[in-house]
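This report describes selected features of the structure shown below.

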Amino acid sequence: MPLLQVTDLSVYFHTRNGVLKAVDGISFEVEAGKTFAIIGESGSGKSVACYSMLGLVPMPPGKIEAGRVLFEGKDLLTLSEAKLRKIRGKGISIIFQDPMTSLNPFLTVGDQLIEPLRLHFPISKKEAWNKGIEILEEVGIKNAAQRMCSWPFEFSGGMRQRVVIAMALVTEPKIIIADEPTTALDVTVQAQILKLLKELQEKRNIGVIFISHDLSVVADIADQMAVMQNGRFVEQGTRDEIFTNPQHDYTRKLLAAVPNFEKPEQENKSEQNLVEVESLHIQFPSNRGEAPIKAVDDVSLDIKPNEILGLVGESGSGKSTLGRAIIRLLNPTSGKIRFDGQDITRLSMAEMKPLRRQMQIIFQDPYASLNPRMAVYDTLAEPLLLHKIVTKKDLDGAVCSLMDSVGLSRESVLRYPHEFSGGQRQRIAIGRAIATKPGFIIADEPVSSLDVTIQAQILDLLLELVERFNLTMLFISHDLGVVRYLADRILVMKEGKLVEHGTVHQVFNSPREVYTQELLNAIPGRTLTD
Amino acid sequence: MILNRMKWTIAFLSLVLIGCGGGSEERRVEVGAREGVLHFGNGTEVQGLDPHIVTGVPEHHIVTALFEGLTSKNPYTLESEPAAAKSWDISEDGLTYTFNLREDGRWTNGDPVTAEDFRWSFERALTPALGNQNNYMLFPIANAEAFANGEIDDFKQVGAKVIDQTTLQVTLRTPTPYFLQLLDHYIAYPVHRNTVEAFGSYTDRISQWAREGNIVTNGAFELIEWQVNSHIRVEKNLSYWDAENIKLNAIVYYPTENLVTEERMFRDGQLHRTNEVPLDKVSVYLADDPDRIVIAPYLGTYYYMINTTRKPFDDVRVRKALVMSIDRELLNETVLEGIMDPSYALVPPGTLGYQPPKIFAYDPDQAKALLAEAGFPNGEGFPVFELLYNTQENHRKIAIAIQQMWQANLGISVSLLNQEWRVYLNSQENQNYDISRRGWIGDYVDPNTFLDMYITDGGNNKTGFSNQRYDQLVLGEAPTKLNQDERFALYYEAETILMEEVPIIPIYTYQTKSLRDPSFKGAPSNIMDHYNWKYVYLEASE
Amino acid sequence: MWRFIAVRTLQAIPVILTVITVTFFLVRAAPGGPFSSEKAVSDQVKAALEEQYRLDLPAYEQYFAYMVDLFRGDFGPSFNFPSRSVNELIFQGLPITLELGLYAMLIAVLIGVVAGVCAALKPNTLQDYIPMSLSMIGICMPSFLLGPVLVLVFGIWLDWVPISGWGNSAGDKLLPSITLGAMYAAYIARLSRSGMLEVLSQDYLRTARAKGLPEYIVIIKHALRGGLLPVVAYIGPAFAGLLSGSFVVETVFQIPGLGRFYVQAAFNRDYTMILGTTVFLASLIVVFNLLSDILSAWINPRLRYQFRK
Amino acid sequence: MATSTSTESSLLAMPKGVSLWRDAWLRLRKNKLAMFGLGFLLLVMVVCLLTPWIAPYGYEEQDLRLGAVSPSAAHWLGTDTFGRDLLTRILYGGRVSLLVGFVATAVALVIGVAYGAIAGYVGGKLDAVMMRFVDILYALPIMIFIILLMVVFGRNLLLLFLAIGAIEWLTMARIVRSQVQNLRDQEFVEAAMSLGLSPSAIVVKHLIPNALGPIIVYTTLTIPSVMLLEAFLSFLGLGIQPPESSWGLLISYGVETMEEYPWLLIFPGLALSLTLFSLNFLGDGLRDALDPKASRD
């Protein structure tokens, strides 16, 4: 008898501009100890389906049109709020996507951890506290007793996700809904979290509903699967059935989006370097007493004209700091930076201005890198006017051509950033970066927070732009799979030091460093490519 | 769920509001009447209690309860009565006064009140280093002015001698009929030497002697408690020589700067007497509650002074035009609620029977003619000038009304300048004004307290007015006349000159107005608004 | 934490010193001195007065003499009340004004937060418009209007509550506190509404609901802490503004607080009193800003993290 | 996204750079409450502007015999104790109050925003010094400051507004500073830096537009407090000289006679509170309109 039985569940949203069919009649079952994965792009309704089962979707505007959800013999959709609350967090609990925002910043980890325990079980604070320490150790957090009293912002992304998982498990639920639990994490950390989930699932014989947009992640852990598009399951079956012969073309499109192509070797003859960095040191003052934090520790590198150099490392390895220092958004503590032969380490802001036109940057978070109160037109027009690339009268033409070159429709030029999807915003950011026809671009994890299919499109766009405007690019990322698709040479960085460098082929096939090997193993979906 | 929690908190809040207010318990005024405790609204906060330093009227009400001079004033007749001095006799030439003190006069610490106490107190009051702003009132005493100006520094030359422990002899510069009245002003009150000198030199203004716990007094009441800006409580002084005849057990004075707040306190039964009454409330009380409001003439005149040194006010015709174009009757009936007497001269009528001259009346046509004669036909070319007054509700109303009258009758435009108190005083001191509001309350009941202001270069003469004949009459001839009628005739002639020159525009004679609880007795209204605390008593009304 | 407090107090010293110096000379620049009087005063008397209060010395000498006394904690004699020292008057007035301010702020926070949270729970509905419009009344009705109206209605017509005095009869502290607190309640209502709206859209509330917590615990335990941060940041500086604001309430209700001294001193050019109250006002501002920062840090641990830097 | 069919030429014809305000206006129009507020404010402004022509009586015109009469045919809103028509007084008073409200608030806005933005953006030592300067200004005794200004510069209204403005900007500076500090670490500011924009351009074009929300809310709170501060000063004789008046002053005189002549308090009070209510609704509407995310429902 399956733990959870969902039969043709449909949830519609009645908004001012018409009815949105978020979930349109889906049915599936979850067995104990098994993982049921739901795959679909953002906006496909996969989260709404799971949340509506537990009454977490605000009604109105949402409304459960039809369907039955059987759990422990009861139909969750007909339960009263009070009874449903008995199940929420006890029978079924949820792990959310972004660990940065799903923990209450104003309460200690311990308080938040024991809260569901004290709510659902009649046990004393002391007992609950001990249980909390146990569960923290189980999810792999060292000296758990001490960490119980520290605050969420004192944890790294991966550690916080472990706390969220502990919070879901502490009440020993029968079913866990994991809503894209690893999307916001680094690849290496993602691998550890997935391994942890697998172990806990088998040990406690829990049924897991795993929601994701990334096929390669799901490939490793799913037993049963379903591909969801516009509220409906377009395909459903075991993992092997779906991966070996996908029926629906949407599923095929998803499979094709997984980057496993390796960029062919290109000989880069030019001796003369565009960017040279010699023994660069960047230190940040830590709070009193301890030694200053060495973000970048004696790094030297050089980038040849229209080459794409991949800079890979985990978050906190100093790769973004290095990137920002090269285009002088940060002042290095010591060392030299030369751009096109000119030493720009100690230039003043005024002296840097002409050079600013030569080098641009694209950021990771499409939601934060565009001014929310500036229409796209102004965002693109600003660099054009600032560096007098075009005169006022043919400004409109230039802006429209930029829109074309990044593949956005001209009509949307007068709209605001919040009216675009993540992928489209990144296109705008790229448009802004190439507006001044720079020679050198730094892309700081440009695709990390995008869906896999969108990632592929953006990477193709970047490659095309590098060709068309023969740009030189420093591509920073934590995901070796993505870098492999794009870069000519790769540098691997760990705790502020360069540990490995070489061509794409060398690094992927015969890595010299143990750390690089670790990174390679962490790439999800190995089973797919081999 | 969340909603009813909110409702619950709001309900609790309103409960608190209702719960704590009991019914109307017995009012403070009724309790006071029963226990003989008077609750007295006293106007602005009292600055201090040292008779030789303080100056204001609020201080007067308290110091007269705590201390006692040689004479005191009968509240009904305003005649001088024996106080610390049992009796006195005056020489024929009116120059020498001999006072016989009471043997049983005592300070609150038991020391007897001696003639030396008075002599030393006169010396302290006149010592220049003390900076006593009222010392000019003792100048009638021989050589007092010279000592006060530092010309002589040996007080023996001043006309105040101790004959023996209970006899004091005072000799005057010139015969001064009103001298006895001066002695009941607190400038002439004795202070206890040892107490003063225990807290620093006798010329220290900054001293702790005149405070609760330290002060030693010889009056009918003694100081019990003083919380600044809250209240001052004095209780019957049992060691006072006339203690049995004191009817009140205690008086509590309250600082009531805000007229409106004071009126509300009165209505809430917290005060037996208020210091003032808001103009707008006067007609209400006159109509609904006449026996609670008392309006009485007051020895003071409300007038505007003109800066005759400034064009075009140096021309007497302009001044006359301004004076005649004010309809005082209308002003009184409307703005002043009909309770003030229009005045056409400086000295209030009926001051000891003296009647001032009345030279002009409200005559807008003649005023317009005079103005035209002076070169400003119906106001053309007349410069805009400023009418200065200090920030106070009634001054504002009067100024606005007069501004309108000048505008309508003479066609001249006036801008009102409302200055904060100290700035206003500063403007007057430096004669930096066109026309300015001014009020003067007599220090004693005699025309001289008004007329001696406008002698040439007189300290209080800020108008630039100067007339030899006038000076001769007021300073020279009048003081020499022993007979009151002759003296008044000379004053009449002097005031006539003043009213012809018109450096000042008299507007109305002051009236004191205050609200009184029916139980407040023994305080007849008199033109000095003087309360003699030995006469005041409270009668519990049934 | 203590290091942060030490740094802030060190920073405060130059602030207070500058305030004293500026006020010292500003006051003397205002026309009309402490001894200008309606009756003419002879020059000898004026000279004696100035000599007693050291006003005859050149300004900078007066300044140094004053500062020397100040460091000994002596604020000098009051010009307006010769037998009283400024220290004594302040120590009599300050506790009363602080107490009034505390009650006023308590009422303001109570009413303001309740109204703000109510409004935030259902934005743009009646439950939002009613509390917000009522709070607007607090802004439109100044204390010199609200006070007399309350006195008239509750004091005289209904006679529930005494209308003047402080502490000498039961319930006489209620009306003045409401009058003073009304305006602050309006500000706090608006601040807590926008603060709560901001927090209610956060993910961690969804996590809390997912744990099966009932709605009101989600609001009180999780949302309120974050939502009230702007209110806490506002209370600090606002509390210091109470001193001058309390003048009107103290006059209407006959309360012997520092507010009244403060304004009386200004009108009477009581230099030492002005300086004394200003020094206390300046230190009040520093103290309450510090308190509100500490309270914010207590609520928001991330701020606490900055303290250690 | 709804596709719009405007052709490329018309699309390009639109004035660029002011699109933020143009869009804000489009959104504001949809907010009924804000429109009511704006409508009422405009009505009040127009009426006050036309006062000299439409006022039934001169504001100084007195009829002492008449005194205070309740609303009648001759005097729609009754008269004050001097027999002056209250409706005229309110109209003229409105001119002064609105002028004080807007000019002083504008002064507070300009100084406060500039000061706060600089302190917020630069940060570090300069920020600490600037904030301590604000603390000093907070502590200075306002009464003396005003008395001095009034006396030294004499009696003109403009001076009064500037003086009031010079007091009110302190809190605005504090609010803008905390907003700018939060925004400064956002990536779009780093992007602007990398474009080579000068700090002042970054502050004006990127930081201040994103801090408009709280700025507007506080501005709608400053106007009433400025009007009432003016009334408080005029009541003490430091502000407007009679016979001119302002709403605040009319209210403070009305309070004293509220039992005998209630209309002297009710009508000016209504005028002030209706204006402040509509101002508040307009402010809220404007803040939502300027925040593109908020109004997308």
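## Two helices of chain C

In this predicted model, helix 5 of chain C contributes C:Pro131, C:Met132, C:Ser135, C:Met136, C:Gly138 and C:Ile139 to a contact with helix 7 of chain C, where the partners are C:Ala182, C:Met183, C:Ala185, C:Ala186, C:Ala189, C:Arg190 and C:Arg193. By class, the residues of this contact between helix 5 and helix 7 of chain C comprise nine nonpolar, two polar and two charged.

Helix 5 of chain C spans residues 126–140 and helix 7 of chain C spans residues 174–200; their axes come within 7 Å and cross at roughly 140°. Because the angles counted as roughly antiparallel are those over 145 degrees, helix 5 of chain C is oblique to helix 7 of chain C. The crossing of helix 5 of chain C with helix 7 of chain C is left-handed.

## A residue of helix 7

C:Leu197 belongs to helix 7 of chain C. Is C:Leu197 buried, partly exposed or exposed? C:Leu197 is partly exposed, because 17 other C-beta atoms lie within 10 Å, whereas a buried residue needs 20 or more.

When residues up to four places away in sequence are left out, C:Leu197 touches C:Ala120 and C:Pro123. The C-alpha atom of C:Leu197 is separated by 56 Å from that of C:Ser83, and these two residues are 114 residues apart along the chain.

## Confidence in chain C

Chain C has a mean pLDDT of 84, and 97% of its residues reach 70 or more. Among the elements of chain C, the highest mean pLDDT, 91, is that of helix 4 (residues 86–121), and the lowest, 64, is that of helix 13 (residues 301–307). Where pLDDT is low, predicted coordinates should not be read in detail.

## Two helices of chain A

Helix 16 (residues 422–434) and helix 17 (residues 452–468) of chain A have axes that come within 10 Å and cross at roughly 15°. These two helices of chain A, helix 16 and helix 17, are therefore roughly parallel to each other. Helix 16 of chain A passes helix 17 of chain A in a right-handed crossing.

On the side of helix 16 of chain A, the contact is made by A:Gly422, A:Gly423, A:Gln426, A:Arg427, A:Ile430 and A:Ile434; on the side of helix 17 of chain A, it is made by A:Ile454, A:Gln457, A:Ile458, A:Leu461 and A:Leu465. The contact of helix 16 with helix 17 of chain A has six nonpolar, four polar and one charged residues.

## Contacts between chains

Which chains have the most contacts among the five pairs of chains that touch? They are chains B and C. In that pair, 52 residues of chain B are in contact with 48 residues of chain C. Helix 1 (2–20), helix 8 (259–267) and helix 14 (421–429) of chain B each supply at least two residues of the side of chain B that touches chain C. That side of chain B has 18 nonpolar, 23 polar and eleven charged residues. Chain A and chain B, by contrast, do not touch, and their nearest C-alpha atoms are 12 Å apart.

Helix 9 (residues 279–288) of chain B has the buried residues B:Leu279, B:Asp280, B:Lys281 and B:Tyr285. These buried residues of helix 9 of chain B pack against several elements, including helix 8 and strand 11 (293–306) of chain B and helix 12 (247–256) of chain D.

## Chain D

Chain D has 13 helices and zero strands. Of the 297 residues in chain D, 51% are buried. Among contacts in chain D between residues at least 6 apart in sequence, 71% join residues at least 24 apart.

Note on methods
Residues numbered from 1 in each chain as written. Chains lettered and ligands numbered in written order. Predicted model: local features only at pLDDT ≥ 70, side-chain atom pairs only at ≥ 80, totals over all residues. Axes fitted to C-alpha atoms, helices over the stretch in contact; angles between N-to-C directions. Helix = DSSP H or I, 4+ residues; strand = E, 2+ residues; numbered from the N terminus. Parallel < 35°, antiparallel > 145°, perpendicular 65-115°, else oblique. Left-handed = near helix turned anticlockwise from the far one by under 90°. Contact = placed C-beta atoms within 7 Å. Nonpolar A, V, L, I, M, F, W, Y, C, P; charged D, E, K, R; others polar. pLDDT = per-residue confidence, 0-100. Buried ≥ 20, exposed ≤ 12 C-beta atoms within 10 Å, placed from the backbone.
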